[in-house]
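I am opening a notebook page for a structure I have not looked at before. I will write down each thing as I look it up.

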Amino acid sequence: MLLNPWSLALTLCSLVVLMLGAVAGKTAARVLRFWEPGSDTNRQIRLENEIWLSSTLVAYGLGFQIITLILFVLAADQFCQVIVGAMCATGALLANPYGMPALMVKLFGVFFYGFWILLHQLDIRSEHYPLVRIKYLALLLVLPMLVLDVSLQTLYIAGIKPDIITSCCAVVFGETTGTTTNLLTTGYSQQGLLVVFIGSIVGLMAMGWGLLRRWQAGLAGLYAAGWLWYFGLSLVVIINVISSYVYAMPYHKCPFCLLKPEYHYFGFALYGALIPATFFGASAAMAGLVRGKTGLSGVVDYYQRFAVKLSLMLLLIFSGLSFYHYLKYLITGGEG
Amino acid sequence: MLIELSGVSKIYNQGRANEVRALTNIDLVVEQGSMVCLKGPSGSGKSTLLAIIGCIFPPTSGRAAIADRQLARLPDRFLTLHRRETIGFIFQRFNVLPELTVLDNITLPLLPLGVPPKERKERAQQLMARFGISHRAEFPAGQISGGELQRVAIARALINNQPIILADEPTAHLDTVLSWEFMEIMQQLQAAGKTIVIASHDPLVFEHPAVERTVTIKDGRLHAS
């Protein structure tokens with residue numbers, strides 16, 4: 001499957017990002033060893049010039065790697081056309097052992113890469129280079145994740161064999177219990193999940209509103225943790241509750257078919273609100289960790305308020321989208 | 001002191017076959033409100049030194065500080081902002097845009113600062129009146145005389161009221177009368193509190209009574225002041 005256009009695009013993108021990462025990794029090693037703010041040596045001045053270019057390239061590279069999550073899911077959706085048994089990305093991702101781990105790493109990568117980009121953006125907003133060391137130390141931690149991301153993706157793409165029979169989403173996210181391929185979280189009542197889901201929305205709204213009125217580091221930490229909880233919960237709710245109402249089929253609970261044109265690409269709007277909302281919600285507290293660095297207090301304050309406002313706005317959009325089909329069903333009784 | 005250079009060296013193409021050492025271990029202090037002339041033959045490193053003082057590029061090593069801030073070493077997005085607030089340039093060939101009017105040329109540095117059009121025009125009119133070029137306001141810069149062009153360049157360097165004026169061979173293309181006139185204007189600006197650094201090998205400039213100190217550069221090294 002390596003010569004498929006989607007595979008080529010993905011592999012090429014990731015290789016370029018990996019190359020940029022490797023070059024920046026070399027800079028990172030030099031920064032951690034030789035960075036001396038305030039020094040007038042030739043080496044320090046060269047490093048200052050070098051980090052500017054290097055950081056910019058890495059920021060673009062990681063931004064690009066975030067976009068590969070979308071490309072990866074779209075590619076899996078295309079692969080299903082040639083894999084026996086697959087009806088959507090679910091089947092394609094389960095066609096070999098690397099598909100789902102690759103997706104998970106890419107999903108976590110969105111947050112890790114995003115946090116690095118945030119550090120970089122905060123750093124370049126102060127004239128004192130306050131986060132250079134932290135930023136490059138973080139880069140050395142992000143790089144193994146990037147390598148894992150690209151490796152799993154390549155192993156997945158290279159390992160797809162059209163003659164291997166895989167399962168369709170109806171089986172993977174079906175009500176049949178006792179099978180090893182069943183990924184549906186059974187045992188929860190829909191009403192129970194919805195109550196917790198609505199409760200979490202109200203909780204996040206209250207915390208966000210509280211933070212906008214008066215910023216408290218403890219509450220910001222709780223807000224970030226709340227978002228991480230809500231992210232996981234939302235994925236469970238999407239699979240167990242929301243998806244059936246979108247498909248208007250009680251036993252169809254696939255989180256990937258939502259991305260298909262027959263459902264008006266509804267999944268893109270849903271995940272497109274949830275993932276950035278979680279990132280901004282969690283990053284508001286993360287940014288607070290570097291607030292004390294020279295020249296950053298004003299920048300961090302501004303970002304935190306912006307991030308909380310944006311996460312609340314996206315939460316409203318996500319909630320609206322989540323309940324749209326459910327409420328439509330309740331109001332129309334499933335007609336039209 | 002307003003400008004302080006300490007151990008400044010500049011090497012172009014460092015580590016390559018075409019490496020050029022333009023400046024070596026320069027120490028220079030310029031006090032606020034003074035006029036200093038950098039003297040030396042072509043290729044001695046005057047323009048490089050002026051470019052480092054003007055934050056066009058950083059030194060290869062050493063400290064170049066303006067009002068205790070190493071402007072040239074600032075991250076790019078801050079450098080441009082601080083440079084345009086601190087330093088006014090007068091170039092050898094004046095570098096005006098010939099298609100634009102005199103007024104537009106003078107107000108050009110204010111555009112990225114977001115100064116409203118009315119204020120831009122008012123500030124330019126004051127400077128044009130001061131330098132006697134008000135009657136040329138709507139003329140394309142390409143159609144005015146050399147002397148007027150010189151005054152347009154000075155007005156443009158002053159439009160944002162920067163405390164430091166740097167001039168690179170400003171009289172190289174002017175006759176004696178216009179060169180003298182240029183130095184008279186510089187003297188007035190110095191009296192008004194501006195710090196002026198002029199790179200020139202024109203005796204009319206470095207022998208002018210307003211020049212408090214002449215610094216000689218030869219082969220990238222500073223000689224007797």
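The entries below go from chain A to chain B.

**Ground rules.** I am working with a predicted model, where local features need pLDDT of at least 70, side-chain atom pairs count only at pLDDT 80 or more, and totals for chains, interfaces and linings use all residues. Residues are numbered from 1 along each chain as its sequence is written, while chains are lettered from A and ligands numbered from 1 in the order in which they are written.

**Domains of chain A.** I looked up the division of chain A and found domain 1 (5–167) and domain 2 (172–332); such bounds come from an automatic or database domain assignment. Their centres, taken over C-alpha atoms, are 24 Å apart. The contact uses 20 residues from domain 1 and 20 residues from domain 2. I count two residues as in contact if their C-beta atoms, placed from the backbone, lie within 7 Å.

On the domain 1 side, helices H2 (42–79), H3 (89–93) and H4 (99–123) of chain A each supply at least two residues. H4(A) gives the most, with six residues. Helices (H or I, at least four residues) and strands (E, at least two) are DSSP runs, numbered from the N terminus.

**A sheet in chain B.** I noted an open sheet of three strands in the order E2-E1-E4, with antiparallel pairing; two strands pair if DSSP finds at least two bridges between them. Strands E2 (20–30) and E4 (61–66) of chain B each have a single partner strand, so one side of each lacks a neighbour in the sheet. Strand E1 (residues 3–12) of chain B is joined to E2(B) by seven bridges. Leu5(B) has Leu28(B) as its bridge partner in E2(B).

**Where the chains meet.** I found 12 residues of chain B in contact with nine residues of chain A. On the chain B side, E4 and helix H2 (76–86) each supply at least two residues.

**Helix H5 of chain B.** Among the buried residues are Leu149(B), Arg151(B), Ile154(B) and Arg156(B). Their cover includes strand E5 (87–90), helix H4 (117–130) and helix H6 (176–191) of chain B.

Definitions and conventions
Buried ≥ 20, exposed ≤ 12 C-beta atoms within 10 Å, placed from the backbone.
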